[in-house]
Amino acid sequence: MIWRLPMKYNPSAVEIKWQKIWEEKKLFKVETETNKEKFYCLEMFPYPSGKIHMGHVRNYAIGDVISRYKFMQGYNVLHPMGWDAFGLPAENAAIENSTHPAVWTKSNIDYMRAQLKKLGLSYDWDREIATCDPEYYKWEQKVFIEMFEKGLIYKKKSHLNWCDDCNTVLANEQVEDGACWRCGKEVRIKELDGWYLKITDYADELLEFTNKLDGWPSKVLTMQQNWIGKSYGAEINFRFSHNNESITVFTTRPDTLYGATFMSIAPEHPMAKALLKGTDNEKDGLEFIDSILKEDKVNRMADDKEKKGFNTGRCVINPVTGCQMPVFIANFVLMDYGTGAVMAVPAHDQRDFEFAKKYGCELKIVIMPKEEIKAEDLTEAYTGAGKLVASDQFTGMDNEPAKKAIIEFLDSNNIGKSTVNFRLRDWQISRQRYWGSPIPFIQCDCCGSVPVPFDQLPVRLPDVDFNPAMRGNPLDKVESFVNTTCPKCGKPARRETDTMDTFMESSWYFLRYTSPKCDTAPFNKEDAKYWMNVDQYIGGIEHAILHLLYSRFYTKVLRDLGYTDIDEPFNRLLTQGMVCKETYKCPEHGWLFPEEAKDGKCAKCGKDVLIGRVEKMSKSKKNVIDPNKLIETYGADTARLFILFASPPERELEWSDSGVEGSFRFLNRVFRLIDNNMELFKGALPAKTEDELTKELLFAMHSTIKKVTEDIERYQLNTAVAAMMEYVNSLYAAEAKMNDGNKALFRECLTTLMILIAPFTPHIAEELWEQTGQSGLISRTGWVKFDASMTQKDEITVAVQVNGKLRGQIDIPRDMSQDDVFSLALSNDNVSKYTDGTQIIKKIYVPNKLVNFVVK
RNA sequence: GCGAGUGUGGCGGAAUUGGUAGACGCGCUAGACUUAGGAUCUAGUGUCCUAGGCGUGGGGGUUCGAGUCCCUUCACUCGCACCA
């Protein structure tokens, strides 16, 4: 802790002063009429949870450097901020505190906006949006109806987690040990209606474009590719032996069809109960289905879950072998992948193998590897490549070409066909919750689901009194909201009370920013055309799948509805790493806040504190640093600088209090350096003369500009900061040697320093700019350019190696001829020690860098 | 299990194209200034038996030359996970 603040640099006064000036001058308000090239820099907007945390600070500090840098480079920069304002926490807080979610949300937004302003971020606050604003969700509702009309939305029943007491659907993560997280009631699976968006219609395009998003981290693209999960295979029909019906399976291994000895279907499969009808075991079978469906989804999908099945007593006929295959209902078969039924090939699929061992099913080898295997010797399924055996006319074929051949055979006999399957499922957007955008539909007994006419949008959330006794969806109980008339037939009808998943709002907010006040459409087409795409998007890796995939999908939908021409919203994506910190634990009091663990003793009991692992900052582990306190102590500039310097943006950042102090020290050094030389900025300076120092200063200045510029371009902000620190060190060294002839140059070096630090620590830069009497604001000053010729030294030190080992260094004039370099190198005392009496068989010269003699 | 990533001093991290490993910062050591120093400044700081050797998780390879490329192995992190 600093126990005496340095004399002149007073961050809190400086920061408040400049934040006020920027705001008054509307410095970052977007220009509308301009010839400048545009740059759209966007950070993921926050959920207004109450206050900003360090993850936000890191996200926005990175975005701010990029925006301010682009701004100084002369781009017309769009750098907006807003609020992902719908969602569960607001509603839970409302119920708990008997306040309306809108009130809670608004006060959080006001508080967090003030916090962001304290960080000195260059947002155009005139474009601020909050997604709970009816002027925002109105357009979402309109687009929703248009999607419906285009066949991209449907309603379907499916099996979901349900709590009887709360009367609502629960997400998987809201089920704890099979019970409701809020009331503790046992959760059951219920078949329920929900609204779905047909994201699967876009699966192929979403997948294909992952190959074109070269500004995205490959990690995110790989995750999305896996999520979409395209696989090629076949659909094959199997006839039942007891009636004329058939059942279809999906398989990626049609080459193993001759080895299929039984079949497994999902408990939810529509045929499951029908199959049991009339069998001896009907009652047991139905009980088995119920017992599986009763389990919550998390449990059922658990890692080490034992495979369980029930033999229905029915059989299908293998279409190529004619064999009878018993049909099992099995707990591990998923209804929402493929067809919900699989042909089981126990010799060549590990799951089927385990299942067959347990229930005594036949194993039949049809793929033979080079080293022969026998069914009775198998301890696990053989899933590798090989030649087909016991497969009629396909016997002897390699299994890969056999896949195609068997599909062709099935196709020509109307038994099956080649098909593509996706892991991606349609997007279920129904939430039985209040605090979300109402789904603009009316349920009519005669007409079904009828969209609300456009002129009646938005469907606003009705006013509700919240209190702790509330259960279920508040909307269901608002008669005036629910009871309406059918827009089609005029008869009494019920309004839809499901609201939309909040990922809907975040799927298009970046488009709304381009014309946030547009009242005739979701956004103005021309404005979107000018601003899109987002040139740089920055956010957490946790959104790699959901938000980023939904946004890509929604953008394509808007394109197909005629709203835009763009295929993809985000050109470049930067996923910043987590902010982590050491954890502290007291043997008696558990997790401790950093301030409770000072000097290694628990503040409550004095016991020794256990220092735990470095983990992501979280309230539960108490390893958090409050941005407010940080800014109070050191100022926003120090907070920003430390965060940018400590780690490259994509990687984890480990919090370090002494690192923060180091950054604070650096800003003091900058302030003092310029303050010490204030007289250089007052009046005329002597004419320039050239000496050694001139060369050094020119080199330092131009190479630092080059390094900082190039590092910002490639988003290596930590090394950009390091370069500025190095520059300041060299300026201090030069200051001691300064004479009249290079005062003017030194002044130029200082001016350059202010400009270079401006995107990183804008307040101190602005203050020094003013104190040194420069005109205008530094935030509006052009970025500095470097002269490449100045970044090269005339005298260069070249490393001399003998057999790859460093033996000496020589100073040469730049671009000396190769032969001269060799002879100079050989004349070096230490080098000649290793070359004398040997035969030089090879000489290597990397110009201006390195010499290597290979000797024998 | 599948996929991706990471591994460099006491610590956070540099090394952009295969070319002097350890920039910059933290910490530490010594000194200066000082009533004092947790401020500031100066010098030093990978390691060892200090000629020189050894050093980027381990082993092997390619190369005049490898933190960087290839093979192999270990450890950790993240994502997905009965996806047929």
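Predicted model: local features only at pLDDT ≥ 70, side-chain atom pairs only at ≥ 80, totals over all residues.

Biologist: Why is R559 called buried?

Modeller: R559 has a relative accessibility of 18%. Buried means under 20%, so R559 counts as buried.

Biologist: What makes the contact of R559 and E205 a salt bridge?

Modeller: The side chains of R559 and E205 meet at 2.8 Å, N to O. The definition asks for a Lys or Arg side-chain nitrogen within 4 Å of a carboxyl oxygen of Asp or Glu, and therefore the pair qualifies as a salt bridge. This pair links distant parts of the chain, with R559 in helix α16 (residues 546-560) and E205 in helix α6, 354 residues apart.

Biologist: Which other salt bridge does R559 form with D560, and at what distance?

Modeller: The side chains of R559 and D560 meet in a salt bridge at 2.9 Å, N to O. A network of salt bridges links E205, R552, K556, R559, D560, D567 and E568.

Biologist: How many salt bridges does the structure hold?

Modeller: There are 46 salt bridges in the structure. One of them joins the side chains of K230 and D204, at 2.6 Å from N to O. K230 belongs to strand β10 (residues 230-240) and D204 to helix α6 (residues 203-209), so that the pair links distant parts of the chain, 26 residues apart.

Biologist: Why are K230 and D204 called partly exposed?

Modeller: The relative accessibility of K230 is 27%, and the relative accessible area of D204 is 36%.

Biologist: What makes helix α1 roughly perpendicular to helix α23?

Modeller: Helix α1 (residues 11-24) and helix α23 (residues 762-771) pack at an angle of about 85°, their axes being 9 Å apart. Angles of 65 to 115 degrees count as roughly perpendicular, and therefore α1 is given that description relative to α23.

Biologist: Which residues meet where α1 and α23 are in contact?

Modeller: From α1 come V14, E15, K17, W18, Q19 and W22; from α23 come P762, H763, I764, E766, E767 and E770. By class, this contact has 5 nonpolar, 2 polar and 5 charged residues.

Biologist: How do you know that the buried residues of helix α7 are on the same side?

Modeller: In α7 (residues 218-228), the buried residues are V220, L221, Q224 and I228. They cover an arc of only 100° around the axis, and therefore they lie on the same side of α7. The face turned away from that buried side carries the exposed residues S218, K219 and N226.

Biologist: What covers the buried residues of α7?

Modeller: The cover includes α6, β10, β18 (416-422), α16 and β27 (570-576). After α7 comes G229, with a positive phi near 55°.

Biologist: Is Q801 buried or exposed, and why?

Modeller: Q801, which lies in strand β32 (residues 795-802), has 17% relative accessibility. That value is under the 20% limit, so Q801 counts as buried. Leaving aside residues up to four places away in sequence, Q801 touches L806, R807, L850, V851, N852 and F853.

Conventions
Residues numbered from 1 in each chain as written. Chains lettered and ligands numbered in written order. Heavy atoms only, no water. Helix = DSSP H or I, 4+ residues; strand = E, 2+ residues; numbered from the N terminus. Buried < 20%, exposed > 50% of the residue type's maximum accessible area, 1.4 Å probe, protein only. Axes fitted to C-alpha atoms, helices over the stretch in contact; angles between N-to-C directions. Parallel < 35°, antiparallel > 145°, perpendicular 65-115°, else oblique. Contact = heavy atoms within 4.5 Å. Nonpolar A, V, L, I, M, F, W, Y, C, P; charged D, E, K, R; others polar. Arc of directions from axis to C-beta.
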